[in-house]
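Visitor: I'm new to reading protein structures. Could you walk me through this one, feature by feature?

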Amino acid sequence: MIKLYLKLMRVPQWVKNIILFAGLIFSKKIFELPSLTKVCLAFLCFSLVASCQYVFNDFLDQKEDAKHPEKKHRPLASGELDSGIALAITGVILPVALIGAYKLSPIFFYLTIFYLLFNMLYSKVLKHIVILDVMSISIGFVLRAIAGAVVIGVEFSHWLLLCTFMLALFWGFSKRRGEINILKTDAGKHRKILEEYSIEFLDLMMGVVATLTLVSYVMYAVSPETAKSLGTPYMVYTVPIVVYAIFRSLYIIYIKNMGHNPTKAILTDVSVLTSGFIWLLLILFLMFGNISGQPPVLQ
């Protein structure tokens with residue numbers, strides 16, 4: 001039963017919450033143990049709340065998921081796990097996670113509550129409205145980024161928030177495209193909103209948001225404010241890695257046909273993981289390698 005409940009919680013989806021660490025990294029506090037500990041605890045609390053939301057969603061969508069070629073294997077949709085037991089366990093985990101969030105920071109707690117309520121609104125209303133369904137998912141990622149920053153009391157770049165929003169839109173539209181591609185004519189039976197989309201329209205949207213993602217990241221990288229806050233004018237050299245990651249994502253979506261499950265695509269693609277690791281190492285080197293861009297002073 002524990003194994004089934006962990007599957008229901010979708011622990012691999014916690015990778016989405018790694019963005020909570022962005023504020024820690026870009027505020028140059030990643031090597032400060034108190035701040036690092038606080039964000040790690042925030043990650044755990046936020047992830048547990050998000051998992052509880054997944055349980056509620058699966059409970060509400062059991063009938064629809066049973067018609068999906070992949071989602072029909074989920075514990076509640078397949079009937080392997082009793083829904084009453086699942087809700088009872090969730091009823092214990094959710095309050096504990098929320099209390100932990102409040103202990104970390106009242107503002108973080110309110111953002112976590114807002115995220116939970118916003119997702120409930122998404123499940124009931126927003127996911128049935130074309131375009132807003134994907135935009136709502138993207139707003140969730142922005143909330144994660146802000147939550148990770150406020151828990152340690154630091155500001156977050158507006159350009160980086162915009163980049164986060166656009167990147168989430170990109171993956172959201174790719175998920176819709178992948179679902180239509182897999183379900184074909186049965187797409188509308190599984191998710192009514194899929195009838196409002198077409199492959200051609202989603203291709204157009206993905207092209208637009210991929211471009212805007214790159215533009216917003218470039219603007220962040222070359223911004224004087226970024227150079228001042230990070231202590232280096234060389235963030236522009238991280239741009240090629242981001243360009244490669246976006247292009248690799250397009251390859252995954254169009255050639256490997258894994259757009260319907262972006263999280264799995266990221267976690268199983270060595271090239272994306274490697275580029276992300278190199279990007280992080282380069283950023284840390286630029287921020288902490290004493291590369292100021294100033295000419296040497298002659299003695």
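**Reading the model, step by step**

Guide: Let's begin with burial: A265 counts as buried, at 1% relative accessibility. Keep in mind that this is a predicted model. The cut-off that matters here is that buried means under 20% relative accessible area.

Visitor: Where does A265 sit, and which residues does A265 touch?

Guide: A265 is part of helix α14, which covers residues 262-268. Leaving aside residues up to four places away in sequence, A265 touches I252 and M258.

Visitor: How do I compare separation along the chain with separation in space?

Guide: Look at both numbers for a pair of residues. K67 and D186 are 119 residues apart in sequence, and their C-alpha atoms are 9.0 Å apart in space. For E196 and L81, the figures are 115 residues in sequence and 33 Å in space, C-alpha to C-alpha.

Visitor: What about backbone angles? Which value of phi does R10 have?

Guide: R10 has a positive phi of about 55°, although R10 is not a glycine. R10 is found in the loop between α1 (2-9) and α2 (22-26). R10 is buried, with a relative accessible area of 15%.

Visitor: What is phi for I131, and where is I131 found?

Guide: I131 isn't a glycine either, and its phi is positive at about 75°. I131 is in the loop between α7 (106-124) and α8 (132-150). At 32% relative accessibility, I131 counts as partly exposed.

Visitor: Which residues of α3 and α6 make the contact?

Guide: On the α3 side, they include K38, L41, C45, L48 and F59. On the α6 side, S83, T90, L94, G100 and L104 are among them. By class, the contact of α3 with α6 has 17 nonpolar, 3 polar and 1 charged residues.

Visitor: At what angle do α13 and α15 cross?

Guide: The axes of α13 (residues 239-254) and α15 (residues 270-288) cross at roughly 165° and come within 10 Å. The two helices are therefore roughly antiparallel to each other. The crossing of α13 and α15 is left-handed. In this contact, α13 supplies I241, V242, Y244, A245, R248 and I252, while α15 supplies S271, V272, S275, I278, W279 and L282. Sorted by class, the residues of the contact of α13 with α15 are 9 nonpolar, 2 polar and 1 charged.

Visitor: At what angle do α1 and α3 pack?

Guide: The angle between α1 and α3 is about 95°, and their axes are 8 Å apart. That makes α1 roughly perpendicular to α3. Y5, L8 and M9 in α1 meet L48, S51, Y54, V55 and D58 in α3. The residues in the contact of α1 with α3 divide into 6 nonpolar, 1 polar and 1 charged.

Visitor: Last topic: which residues does the "transmembrane region" annotation cover?

Guide: According to the unreviewed UniProt entry, that annotation covers residues 36-56, 85-118, 130-150, 156-174, 201-222, 234-254 and 266-288. You can then look at what the model shows for a span. Residues 85-118 are 97% helix and 0% strand, with end C-alpha atoms 25 Å apart. For residues 130-150, the span is 90% helix and 0% strand, and the end C-alpha atoms lie 31 Å apart.

Key: Residues are numbered from 1 along each chain as its sequence is written. This is a predicted model: local features need pLDDT of at least 70, side-chain atom pairs count only at pLDDT 80 or more; totals for chains, interfaces and linings use all residues. Side-chain values use heavy atoms; hydrogens and water are left out. UniProt positions are given in the numbering used here, feature names are shortened, and annotations may be inferred rather than shown by experiment. Helices (H or I, at least four residues) and strands (E, at least two) are DSSP runs, numbered from the N terminus. Axes are lines fitted to C-alpha atoms, for helices over the stretch in contact, and angles run from 0 to 180 degrees between N-to-C directions. Angles under 35 degrees count as roughly parallel, over 145 as roughly antiparallel, 65 to 115 as roughly perpendicular and the rest as oblique. A crossing is left-handed if the near helix is turned anticlockwise from the far one by less than a right angle, and right-handed if clockwise. Contact means heavy atoms within 4.5 Å. Ala, Val, Leu, Ile, Met, Phe, Trp, Tyr, Cys and Pro count as nonpolar, Asp, Glu, Lys and Arg as charged, and the others, Gly among them, as polar. Buried means under 20% relative accessible area, exposed over 50%, partly exposed in between (1.4 Å probe, protein chains only).
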